[in-house]
Amino acid sequence: MHLNEKTITEAIIKRYTEKLLDSLKCDVAIVGGGPSGLVAAAELAGAGWKTCLFERKLSIGGGMWGGGMMMNEIVVQEEGKEILDEYDVQTRSFSKGYYTADSVEAVSTICSKTVKAGVRIFNLISVEDILLRDKEAAGIVINWTAVEMASLHVDPLTIESKFIIDTTGHAAEVIRVIEKKDDARLMTPSGKIEGERSLWADRAEQTTLENTREVFPRVYVAGMCANAVFGSYRMGPIFGGMLLSGKKVASLIGERLAGE
Ligand code: 48F
């Protein structure tokens with residue numbers, strides 16, 4: 001068989017376009033493909049909800065690849081280990097209550113499960129805004145990361161979604177846009193982004209879960225973003241809270257979707 005470049009090109013354009021067209025209206029749009037976003041996506045899609053995930057970078061996995069200071073091992077506590085078990089990521093006991101996992105195995109395995117659960121993952125796309133209907137969010141505004149990087153004057157496209165999850169980590173990018181543009185009172189104590197505090201692993205891991213919730217009508221925060229928005233601590237390279245937060249936000253939104 002002679003390979004034909006036109007067929008190869010056609011195959012890519014058609015298949016990608018099918019995937020994108022099928023995602024123009026979804027139940028949940030997840031912004032950021034770090035550990036919390038991936039778990040949230042896998043759980044929602046696993047429960048049957050149409051879920052799309054948009055990641056700015058070429059690679060999916062956010063801060064998990066790098067372990068701690070580029071040493072590619074992560075640490076999880078007991079509850080985090082249980083989630084890694086569910087996702088078939090091998091863990092090793094380090095000392096009582098502390099487990100390690102190879103970060104490359106963790107990201108690649110969780111990502112594979114996420115795709116196989118039916119999540120449509122779009123990398124190299126940045127979310128730059130939300131769709132606003134009166135006082136609630138109705139979707140996201142996307143553009144190629146390359147456009148953003150080159151500061152080209154190119155208008156974006158849109159994805160309608162019933163719910164949005166901001167899992168953009170420290171930057172809390174979706175919530176920042178809402179705060180800045182929509183003169184919004186967020187569901188935080190001050191009505192604004194409270195801002196992240198310094199590193200305290202124990203407190204941060206607990207509060208990540210408490211702070212995983214709705215912060216603007218139909219927009220939820222999870223992962224490190226939840227602590228940045230609600231004014232809590234960073235946790236460093238312990239990842240149980242990220243995985244648990246992904247599960248929690250999926251269950252909160254799943255309940256809302258089931259009730260609508
Ligand atoms: O930072 P990140 O891994 O988020 P996370 O799930 O996990 C945090 C940990 O990695 C670590 C930590 C705890 O152990 O503190 O930092 O909360 O992943 C966030 C992802 O969002 C992408 C970004 O490239 C990264 O992969 N992202 C950020 N802004 C946008 C975005 C945007 N506007 N559009 C699309 N993707």
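## Ground rules

Residues are counted from 1 along each chain as its sequence is written, and side-chain values use heavy atoms, with hydrogens and water left out. Since this is a predicted model, local features need pLDDT of at least 70 and side-chain atom pairs count only at pLDDT 80 or more, while totals for chains, interfaces and linings use all residues.

## The overall chain

Let's start with the big picture. The chain has 9 helices and 13 strands (DSSP runs numbered from the N terminus: H or I over at least four residues for helices, E over at least two for strands). Its radius of gyration is 18 Å, close to the 18 Å from the globule rule for 260 residues, so the chain is as compact as a globular protein of that length. That radius is taken over C-alpha atoms, and the rule is 2.2 Å times the number of residues to the power 0.38.

## Around the ligand

Which residues come nearest to the ligand? Out of 28 around it, they are Ser36, Glu55, Gly63, Glu173 and Gly236 (being near takes a heavy atom within 4 Å). Sorted by class, this shell has 11 nonpolar, 13 polar and 4 charged residues. Here Ala, Val, Leu, Ile, Met, Phe, Trp, Tyr, Cys and Pro count as nonpolar, Asp, Glu, Lys and Arg as charged, and the others, Gly among them, as polar.

Three elements, α2 (35-46), β2 (51-55) and β7 (125-133), each give the shell at least two residues. The largest share, 3 residues, comes from β7.

## Polar contacts and cover

Now for the polar contacts (pairs of N or O atoms within 3.5 Å). A side-chain N or O atom of Ser36 is 2.7 Å from a ligand oxygen. On its own the ligand has 720 Å² of accessible area, and the protein covers 92% of that (Shrake-Rupley method, 1.4 Å probe).

Most residues other than glycine have a negative phi. Asp88, in the loop between α3 (78-86) and β4 (92-95), has a positive phi of about 65 degrees. Leu124 also has a positive phi of about 65 degrees, and lies in the loop between β6 (120-123) and β7.

Conventions: Polar contact = N/O pair within 3.5 Å; in protein donor to acceptor, adjacent residues only side chain to side chain.
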